[in-house]
Amino acid sequence: MKILKIVVNGLPHVKDELNIDFVAQQRVDTYDKEHLFNVFSNIYVNRAILFIGINASGKTTILKTISFVMKLLNNQPINNIESKIIMDDLSKDEDVIITSFFYDGKNVNKLVTVITKKINETDGSEKLIIKDEKLWSKNADKVKTKKTLFVFNENDLEEIRNKNEQYLMDDVSIIVARNKKNNSGIFVCDMLEWADHNILNVLGRFPKELLTFLDPSIEYLECSLNDKKVDIRLKFYGKEEIIINNTRILENYLSSGTIKGLGVFMSAAFSFSEGGYMIIDEIENHFNREIVATLIRFFMDEKVNKKGATILFSTHYSELLDEFERNDSIYIVRNKGGIGVEKLSSILKRNDIKKSEVYDSGYLGGTVPEYEAYMALKKVFEKRI
């Protein structure tokens with residue numbers, strides 16, 4: 001299953017509509033095809049999507065929203081999805097409307113899911129429920145242009161959520177029946193929970209080439225699970241083997257960048273093999289720029305990423321913008337009266353301008369701290385010192 005677009009309305013703290021387009025909207029030429037993935041016909045999706053903005057602009061909220069939608073499409077009960085916290089401030093009478101467009105290998109689909117909060121009058125407990133849901137589907141052969149990709153008519157309506165269905169839980173999408181029938185779903189490597197915690201999250205023997213790339217002094221590293229206990233064997237060149245039974249102790253021997261790199265690059269490998277999605281918040285944490293750039297280049301390389309896996313990540317590094325040839329895979333995130341996202345291609349029409357310089361200049365608006373805030377902070381330091 002390939003995600004084509006996610007549109008969310010009514011989300012707390014988000015201004016207007018949240019529209020995340022995975023499809024390459026700009027013109028696709030021969031060179032671009034090397035960095036995009038052809039889903040079908042003339043429809044291509046970006047292999048890397050970047051969200052950039054200043055602190056507290058809403059980047060994490062956007063990534064959590066994307067994660068929530070993907071897990072909704074993966075049959076998970078919405079009350080069991082960790083990123084459901086994006087709806088914590090939803091009032092009782094408010095609805096969140098999620099419109100998901102995806103390709104299942106044959107058909108282009110549109111799923112509209114209406115979510116609301118239900119409050120138990122007896123004990124005051126809260127839970128999210130799916131209030132209404134509809135599924136449209138059309139054969140991909142009917143899609144002749146990008147403009148018609150997201151257009152559906154009444155004849156395309158395939159299923160309506162039936163309140164009388166006995167076996168469908170009120171927090172599970174109707175897509176569950178189709179997924180089980182077709183044995184389909186989305187491979188999602190969600191690393192959002194690891195943004196603030198640097199713990200090795202992958203078991204197995206790590207490739208020597210990866211170890212050398214991250215830390216040339218490591219001879220081998222192997223992690224296994226024995227009787228529900230972690231068994232870690234680490235050896236540096238010219239040193240005796242170290243045996244550890246706690247992943248946290250590994251921090252005493254390896255740098256935080258090496259530990260994060262092992263988890264991130266192994267997760268990327270899993271994403272490549274499945275053609276899935278990898279979500280990372282503040283990708284530069286514990287990494288130097290070159291390591292981050294290498295990861296992005298791997299996703300964009302059709303020889304490495306053969307099945308069209310997509311990495312979605314947030315960053316403060318404006319320099320990473322220059323890794324992108326196209327502007328339609330970059331989203332500028334701002335928080336002015338609510339979180340909003342805008343595709344760079346709608347602001348900056350030319351691809352040949354150095355994107356980092358445009359971003360840092362403040363030309364895009366809301367991408368650098370306000371001058372007034374800067375001056376106020378400067379005066380405080382001047383007085384205190």
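Me: What does the side chain of Thr-315 do with the backbone nitrogen of Tyr-317?
Reply: A polar atom of the Thr-315 side chain sits 2.9 Å from that backbone nitrogen. Bear in mind this is a predicted model.

Me: Where's Thr-315, and is it buried or exposed?
Reply: Thr-315 is part of strand S16, residues 310–315. Its relative accessible area is 0%, so with buried meaning under 20%, Thr-315 counts as buried.

Me: Which residues does Thr-315 touch, leaving out those up to four places away in sequence?
Reply: Leu-50, Phe-51, Ile-52, Gly-53, Lys-59, Ile-283, Glu-284 and Leu-320.

Me: Switching to helices. How do H5 and H6 pack?
Reply: H5 (residues 256–274) and H6 (residues 289–300) pack at about 5°, and their axes are 11 Å apart. Angles under 35 degrees count as roughly parallel, so H5 and H6 are roughly parallel to each other.

Me: Which residues make that contact?
Reply: From H5, Val-264, Phe-265, Ala-268, Ser-271 and Phe-272. H6 brings Ile-291, Thr-294, Leu-295, Phe-298 and Phe-299.

Me: And how many of the residues in the H5 and H6 contact are nonpolar, polar or charged?
Reply: 8 are nonpolar, 2 are polar and none are charged.

Me: OK, Leu-90. Where is it?
Reply: In the loop between helix H1 (59–73) and strand S6 (95–103). Leu-90 is buried, at 3% relative accessible area.

Me: What does Leu-90 touch, again skipping residues up to four places away in sequence?
Reply: Gly-10, Pro-12, Val-96, Ile-115, Thr-116 and Lys-117.

Note on methods:
Residues numbered from 1 in each chain as written. Predicted model: local features only at pLDDT ≥ 70, side-chain atom pairs only at ≥ 80, totals over all residues. Heavy atoms only, no water. Helix = DSSP H or I, 4+ residues; strand = E, 2+ residues; numbered from the N terminus. Buried < 20%, exposed > 50% of the residue type's maximum accessible area, 1.4 Å probe, protein only. Contact = heavy atoms within 4.5 Å. Polar contact = N/O pair within 3.5 Å; in protein donor to acceptor, adjacent residues only side chain to side chain. Axes fitted to C-alpha atoms, helices over the stretch in contact; angles between N-to-C directions. Parallel < 35°, antiparallel > 145°, perpendicular 65-115°, else oblique. Nonpolar A, V, L, I, M, F, W, Y, C, P; charged D, E, K, R; others polar.
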